[in-house]
Amino acid sequence: MGKLLCDPSAAAVAEALPPSPAPAPPPPLLAWSSPAPASSPEASISPTGWDAVWALEDQQRRRLHRIWERGVAWKPSSPGAGEAALPPVVFRLDHGGEVDADGNCLFTAARTAAAAKADARELRHRAVRRFAEVYAAAGEDDKNAVDAAVRHLYAPDLKAGWGVHVVQEIKVLVPKAQRHALDSAIQELVDLGIQREIAAETIYKERCITVDNGDSWTKYMSISGSSEDEHDIITLQYTEEGLLTIDENRDGRAAAFGDDIAIECLATEFKREVYVQAHGADAMVDEDNCVFFLPHRPRGEVCEPPIFLFMKGTAWCGAGADHYEPLIATVLQHVTPDKAAVIL
């Protein structure tokens, strides 16, 4: 699952932080350097056709077929002084297959789309480390902008937002080692006659870590639903009338859904732009506009062709509304950019 920022202040994260410092280079992420031509032997992956992809409307499917036939044109970044400009490249985008909806789908899909050597959990941790480095080096104003974006996603103001959302979520983190102590504290309140859910809400809000700034975001986004995680995620769901339910995540398998901040960190780690191909009823003005691309650019130079991801919306409005699947990009050798279905 994943979450895209929809608030202007949240989207400003991409502009708020300074360029990432240059740490020691990590082990290589990629197994190859660029997409193979669609007609070459190297393009050996056999992606799933769009007819086999579930949860698409007919209008969306027709548009995706047209994009597949005519391709997507991408213009490389401007070269340095004295270097010749690189011509645009047209890519064919094939659906790269389904991935598990286990909360790690952004990182699993990115691994497949980028042909990365690192597994999904390692990609998650590299993205978190990248963010932590940049956040630590940021000025106060930049940190405040990031903190506001994180609060918007994971600790929203429950006095607002009900014109858009039916249900809103607050994410809190509990160290795995403290689960027993928290259960005992909740039971003490229940023994005093307090309803179990109200008792749990009280204890979780008082004693857990609210995901409301950059530091807590790093703890949250590190969680992959593994027994090796330091924290468990607890989700408090609210309607306008008050507390709806609490997902206490007793088995500790809930993972932090990837969001826009994580996607930008992945783009920086890969030194590649990441384009999310999205669709949905809210965007449907006509057939030509029912599928669109959301760009995420790295901090610093772009050294490789883009990574493409397919975002399959679930119509759920809480944090983690979207499911990511990989798109496999191959070069269309005989299609000129002016004939492409989309120009990025």
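A salt bridge here is a side-chain nitrogen of Lys or Arg within 4 Å of a carboxyl oxygen of Asp or Glu. The legends below describe close-up views of a predicted model.

View 1. Arg-126 and Glu-122 form a salt bridge in which the closest N and O atoms are 2.9 Å apart. Both residues belong to helix H5 (residues 120-137) and are four residues apart, about one turn of the helix. An α-helix has 3.6 residues a turn, so residues three or four places apart point the same way. Arg-126 is buried, its relative accessible area being 7%, whereas Glu-122 is partly exposed at 26%. Glu-122 also forms a salt bridge with Arg-129, and here the closest N and O atoms are 3.1 Å apart. Arg-129 is partly exposed, with a relative accessible area of 44%.

**View 2. The salt bridge between Lys-176 and Asp-232.** The closest N and O atoms of Lys-176 and Asp-232 are 2.5 Å apart in this salt bridge. The pair links distant parts of the chain, 56 residues apart. Lys-176 sits in the loop between strand S4 (168-175) and helix H7 (179-191), and Asp-232 sits in strand S6 (residues 231-239). Lys-176 is partly exposed, with a relative accessible area of 27%. Asp-232 has a relative accessible area of 5%; being under 20%, this residue counts as buried.

View 3. Side chains of opposite charge can pair when their charged atoms come close. The structure as a whole holds 15 salt bridges.

**View 4. Packing of helix H4 against helix H10.** Helix H4 (residues 105-114) packs with helix H10 (residues 260-270), the axes lying 12 Å apart at an angle of about 30 degrees. Because angles under 35 degrees count as roughly parallel, H4 is described as roughly parallel to H10. The crossing of H4 past H10 is right-handed.

View 5. H4 is mostly covered, with seven of its 10 residues buried. The buried residues of H4 are Cys-105, Leu-106, Phe-107, Ala-109, Ala-110, Ala-113 and Ala-114.

View 6. Ile-198 is located in helix H8 (residues 196-207). With a relative accessibility of 35%, Ile-198 counts as partly exposed.

**View 7. Ile-328 in strand S12, shown with Ile-307.** Ile-328 is part of strand S12 (residues 322-331). The residue Ile-328 is buried, with a relative accessible area of 9%. Ile-328 and Ile-307 are separated by 21 residues in sequence, and their C-alpha atoms are 8.4 Å apart in space.

How values were computed: Residues numbered from 1 in each chain as written. Predicted model: local features only at pLDDT ≥ 70, side-chain atom pairs only at ≥ 80, totals over all residues. Heavy atoms only, no water. Helix = DSSP H or I, 4+ residues; strand = E, 2+ residues; numbered from the N terminus. Buried < 20%, exposed > 50% of the residue type's maximum accessible area, 1.4 Å probe, protein only. Axes fitted to C-alpha atoms, helices over the stretch in contact; angles between N-to-C directions. Parallel < 35°, antiparallel > 145°, perpendicular 65-115°, else oblique. Left-handed = near helix turned anticlockwise from the far one by under 90°.
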